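Reader: I'm new to this one. Can you put it up and walk me through it?

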Amino acid sequence: MKTEKIVELSFLCAIGIVLQILESFLPTSWIIPGFKIGFANITALFVLKMYGIQSMWLVSAMRVFLASLLQGTLFSVSFWLSASGAFLALCAMSIGYKTGWFSILGISVLGAAFHSIGQVLMVTWIYQQFFMQLFLPVLLALSIVSGLCIGALSQLMMNRWKGRKVYDVCL
């Protein structure tokens with residue numbers, strides 16, 4: 001991997017970490033427990049379109065790990081919920097991207113929906129409380145809205161790209 005690509009992916013990972021940490025301060029849990037908009041996924045979608053699937057997996061895995069480390073939640077329940085949601089979301093986005101059937105908005109909605117599914121499955125497995133699955137229809141409906149918003153923001157960011165360096169686009 002070229003040094004320039006490593007620097008750009010590291011910069012995008014750092015942006016994702018900052019967005020994830022900032023989002024943790026937003027009071028969205030009043031909507032439904034555990035719901036977040038997913039601003040950090042802007043970077044995942046951007047990396048997917050600009051650098052490909054492998055880079056998206058690398059940046060997203062590093063973001064989840066490092067953000068949890070910085071928040072002091074590494075290997076806690078919230079880490080495992082985040083990691084399981086991210087894993088399923090990355091799988092769905094990778095498949096959606098490879099098929100070529102989805103725009104960036106569709107890929108974003110897929111990622112948001114499968115992130116919710118992953119989190120509900122993990123919280124059900126950890127706590128052995130199957131009533132948590134009752135939240136899934138509401139989470140999936142919210143995933144459509146948040147996925148469309150995050151996809152649109154990612155598209156705006158990519159439109160600004162136009163061959164410039166990542167650090168020029170983001171600043």
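Author: A term to begin with: buried means under 20% relative accessible area, exposed means over 50%, and partly exposed is in between, with a 1.4 Å probe and protein chains only. Of the 171 residues of the protein, 42% count as buried.

Reader: Where do the numbers come from?

Author: This is a predicted model, in which local features need pLDDT of at least 70, side-chain atom pairs count only at pLDDT 80 or more, and totals for chains, interfaces and linings use all residues. Residues are numbered from 1 along each chain as its sequence is written, and side-chain values use heavy atoms, with hydrogens and water left out.

Reader: How many helices and strands are there?

Author: The protein has seven helices and zero strands, where helices (H or I, at least four residues) and strands (E, at least two) are DSSP runs, numbered from the N terminus. The pattern along the sequence is α-α-α-α-α-α-α. The radius of gyration is 15 Å, close to the 16 Å of the globule rule for 171 residues, so the protein is as compact as a globular protein of that length. That radius is taken over C-alpha atoms, and the rule is 2.2 Å times the number of residues to the power 0.38.

Reader: What does the C-alpha trace span along its principal axes?

Author: About 50 × 35 × 25 Å.

Reader: Now aromatics. How many pairs does a search of the whole structure find?

Author: Four aromatic pairs. Rings of Phe, Tyr and Trp (its six-membered ring) pair if their centres lie within 6.5 Å; planes under 30 degrees apart count as stacked, over 60 as edge-to-face and the rest as tilted. One of the pairs is Phe75 with Phe79, which is edge-to-face at 5.2 Å centre to centre and 75° between the planes. The rings of Phe79 and Trp80 have centres 4.9 Å apart and planes at 70°, so that pair is edge-to-face. Phe75, Phe79 and Trp80 form one aromatic cluster.

Reader: Is Phe75 buried or exposed?

Author: Phe75 counts as exposed, at 54% relative accessibility. Phe79 is buried at 7%, and Trp80 counts as partly exposed at 38%.

Reader: Where is the place of Phe75?

Author: Phe75 is in the loop between helix H3 (53-71) and helix H4 (77-99). Phe75 also has a positive phi of about 65°, although it is not a glycine. Most residues other than glycine have a negative phi.

Reader: Change of topic. Which helix is Ser108 found in?

Author: Helix H5, residues 104-127. Ser108 is buried, with a relative accessible area of 5%.

Reader: What is Ser108 in contact with, leaving aside its neighbours within four places in sequence?

Author: Ser108 is in contact with Leu45, Gly147, Ile150 and Gly151. Contact means heavy atoms within 4.5 Å.

Reader: And Gly111, where does that lie?

Author: Gly111 lies in helix H5 too. Gly111 is buried, with a relative accessible area of 4%. Neighbours within four places in sequence aside, Gly111 is in contact with Ala89 and Met93.

Reader: What about His115? Which residues is His115 in contact with, on that basis?

Author: His115, found in helix H5, is in contact with Ser82, Gly85, Ala86 and Ala89, neighbours within four places in sequence again left aside. His115 and Leu153 are 38 residues apart in sequence and 18 Å apart in space, C-alpha to C-alpha.

Reader: One from helix H4, then. Is Ala92 buried or exposed?

Author: Ala92 lies in helix H4 and is buried, with a relative accessible area of 11%. Not counting residues up to four places away in sequence, Ala92 touches Leu110 and Phe114.

Reader: Back to the whole protein. What share of contacts between residues at least 6 apart in sequence join residues at least 24 apart?

Author: The share is 70%.
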